[in-house]
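Let me put it up on the screen.

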Amino acid sequence: QVQLVESGGGWVQPGGSLRLSCAASGNIVGIMDWYRQAPGKQREFVARITGTGNTGYATSVKGRFTISRESAKNTVYLQMNSLKPDDTAVYYCHLPMDLLWGQGTQVTVSS
């Protein structure tokens with residue numbers, strides 16, 4: 001079974017940038033999503049990329065975050081710019097076709 005492993009989280013000041021990676025242990029095709037869950041809140045959709053490279057974003061991150069994929073490396077990325085304290089959360093990658101989730105990576109935005 002494919003496993004998903006996120007990396008790239010950490011602490012950053014408001015206005016800063018981070019790039020998250022989601023590496024799959026096998027070939028991944030089709031839709032890949034990023035979600036996030038802040039303390040005390042429900043997990044929420046952040047971004048999606050299809051197998052053909054079409055993308056979609058939550059309103060709260062549109063224009064600041066960019067999702068991309070590198071098929072040769074079975075990896076999906078989330079470039080996060082102009083980060084805000086409200087972006088603080090655990091970020092998860094998700095493979096909807098197989099109902100798979102990664103373990104998450106913590107992103108903290110604070111001064």
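Predicted model: local features only at pLDDT ≥ 70, side-chain atom pairs only at ≥ 80, totals over all residues.

Before we look inside, a definition: a nonpolar core is a set of buried Ala, Val, Leu, Ile, Met, Phe, Trp, Tyr and Cys residues joined through side-chain atoms within 4.5 Å. Buried here means under 20% relative accessible area, exposed means over 50%, and partly exposed lies in between, with a 1.4 Å probe and protein chains only.

Residues are numbered from 1 along each chain as its sequence is written, and side-chain values use heavy atoms, with hydrogens and water left out.

So, the core. The largest nonpolar core has 30 residues, and Leu4, Trp34, Leu78, Met80 and Tyr91 are those with the most contacts inside it. At least two residues of this core come from each of β3, β4, β5, β7, β8, β9 and β11 (105-109). When I say strand, I mean a DSSP run of E with at least two residues, numbered from the N terminus. As general background, nonpolar side chains tend to be buried together in soluble globular proteins.

Now the sheet. Four strands make an open sheet with antiparallel pairing, in the order β1-β3-β8-β7. Two strands pair, by the way, if DSSP finds at least two bridges between them. At the edges sit β1 (4-7) and β7, each pairing on one side only. From one strand to the next, the twist averages 15°; the axes behind such angles are lines fitted to C-alpha atoms, and angles run from 0 to 180 degrees between N-to-C directions. Within this sheet, β3 and β8 are antiparallel and share six bridges.

β4 and strand β5 (residues 44-49) run antiparallel, joined by five bridges, and Tyr35 has Phe45 as its bridge partner in β5. These two strands, β4 and β5, form a hairpin with six residues between them, and Gly40 in the turn has a positive phi of about 75°. β5 also pairs with β6 in the antiparallel sense, over three bridges, with Arg48 opposite Gly56 in β6. That hairpin of β5 and β6 has five residues between the strands, and there Gly53 takes a positive phi near 95°.

What joins Cys22 to Cys93? A disulfide, with an S to S distance of 2.1 Å; the definition asks for a pair of cysteine sulfur atoms within 2.5 Å. The structure holds one disulfide. The link of Cys22 and Cys93 is right-handed, with 60° about the S-S bond. It connects distant parts of the chain: Cys22 is in strand β3 (residues 18-24) and Cys93 in strand β9, 71 residues apart. Cys22 counts as buried because its relative accessibility is 0%, and Cys93 is buried too, at 1%.

A salt bridge here is a side-chain nitrogen of Lys or Arg within 4 Å of a carboxyl oxygen of Asp or Glu, and the whole structure has five of them. Arg36 meets Glu44 in one, at 2.7 Å from N to O. Glu44 counts as partly exposed because its relative accessibility is 36%, whereas Arg36, at 6%, is buried. Arg36 also bridges to Asp87, with the closest N and O atoms 2.9 Å apart. Here Arg36 sits in strand β4 (residues 32-37) and Asp87 in the loop between β8 (75-80) and β9 (89-95), 51 residues apart.

Asp87 has another partner, Arg64, with closest N and O atoms 2.8 Å apart. Arg64 lies in the loop between β6 (55-57) and β7 (65-70), 23 residues from Asp87. Is Arg64 buried or exposed? Arg64 counts as buried, at 11% relative accessibility, and so does Asp87, at 1%. Through shared partners, the salt bridges join Arg36, Glu44, Arg64 and Asp87 into one network.

Last stop, Lys73, in the loop between β7 and β8. Lys73 counts as exposed because its relative accessibility is 53%. Its C-alpha atom is separated by 9.3 Å from that of Gly26, 47 residues apart along the chain.

That's my tour, so over to you for questions!
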